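Here is a short report on one protein model. Look at the sequence and the 3D view, then read on.

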Amino acid sequence: MAEIEHPRSIRSFVMRGGRITDAQQRALDLLWPRFGIPFEPAPLDLEAAFGRAAPVTLEIGFGNGDNLAAQAAAHPDRDFLGIEVHRPGVGRLMLSLEERQVRNARVICHDAVEVLTHQIAPRALAEVLILFPDPWPKKRHHKRRLVQAPFVELVADRLCSGGVLRFASDWQPYADAVLEVLNASAQLRNTSADERFVSRPTERNPTRFEKRGERLGHGVWDLAFERR
């Protein structure tokens, strides 16, 4: 598997406190064997994990899992893999998958950089979603942003030819910075005719962060880049 260098300080999450409900804990205890995939520093056999061969969408930092659960339910012909480190969100997603009787979704509770580096094989993914990641708005914190050039090259390496990286943010300065980074990648092609932003995908289920941004009067900036 190709190794992509990336700054060790970059992580796909910030650890924060959060109460886990009894229902979420029960989901972690009882539903993990059905939906969970443990992190291991070795390539994951996606066909074995899902029990079939199908295009795989990876959502990084799915939060409460509203979009991932909705997409998996709406597209039974595709498989969906979510990465999230916060256990309450993982538990809530698994509860939603069980309630909807969804069988084409799996979750890894670990850092996305390490999962992509060690566990996802090159060309294994048809789509990668990065929706409303922490923008780290203060200039001194910009180095902590997930979407930087080394990470983009790692993601691009894991996309199949024609695979798509989708990004969304309600913080325009971050969206502009990500646009610049993605446009500079030799492995990716901007699907926007003017090489800027694309329209919001109608199929996307609004995330908690997107709804919060709307309440605050924020705009939303979407990007879609195709693997060459």
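## A buried leucine in a strand

Leucine 188 sits in strand β6. Helices (H or I, at least four residues) and strands (E, at least two) are DSSP runs, numbered from the N terminus. Leucine 188 is buried, at a relative accessible area of 2%. Buried means under 20% relative accessible area, exposed over 50%, and partly exposed in between (1.4 Å probe, protein chains only).

Which residues does leucine 188 touch, not counting residues up to four places away in sequence? They are Val152, Ala156, Leu159, Leu165, Leu182, Phe225, Glu226, Arg227 and Arg228. A contact means heavy atoms within 4.5 Å. Lysine 138 is 50 residues from leucine 188 in sequence, and their C-alpha atoms are 28 Å apart in space.

## About the model

This is a predicted model, in which local features need pLDDT of at least 70 and side-chain atom pairs count only at pLDDT 80 or more, while totals for chains, interfaces and linings use all residues. Residues are numbered from 1 along each chain as its sequence is written, and side-chain values use heavy atoms, with hydrogens and water left out.

## The whole chain

The protein chain has nine helices and seven strands. A compact globule of 228 residues would have a radius of gyration near 17 Å, and the protein chain agrees, with 17 Å. This radius is taken over C-alpha atoms; the globule rule is 2.2 Å times the number of residues to the power 0.38. Along the principal axes, the C-alpha atoms fill a box of roughly 45 × 40 × 35 Å.

Of the 228 residues, 46% count as buried. Take the contacts in the protein chain with a separation of 6 or more: residues 24 or more positions apart account for 81% of them.

## Helix α5 and its cover

Helix α5 covers residues 87-100, which is 14 residues. From first C-alpha to last it reaches 20 Å, close to the 20 Å expected at 1.5 Å a residue. The expected span is 1.5 Å times one less than the number of residues.

Which residues of α5 are buried? They are Gly89, Val90, Gly91, Leu93, Met94 and Leu97. Their cover includes α1 (22-30), α2 (32-35), α4 (66-74) and β3 (105-108). An α-helix has 3.6 residues a turn, so residues three or four places apart point the same way.

Asparagine 64 also meets this helix. Its place is the loop between β1 (56-60) and α4. Asparagine 64 counts as buried, at 19% relative accessibility. Leaving out residues up to four places away in sequence, asparagine 64 touches Gly89, Arg92, Leu93 and Arg208.

## Two positive phi angles

Most residues other than glycine have a negative phi. Glutamine 101 has a positive phi near 60°, and it is not a glycine. This residue is in the loop between α5 and β3, just after α5.

Phenylalanine 132 is not a glycine either, yet it has a positive phi of about 55°. Its loop runs between β4 (125-131) and α7 (149-158). Is phenylalanine 132 buried or exposed? Phenylalanine 132 is buried, with a relative accessible area of 7%.

## An exposed serine

Serine 199 lies in the loop between β6 (188-190) and α9 (208-215). At 64% relative accessibility, serine 199 is exposed. Serine 199 and leucine 131 are 68 residues apart along the chain, and 14 Å separates their C-alpha atoms.
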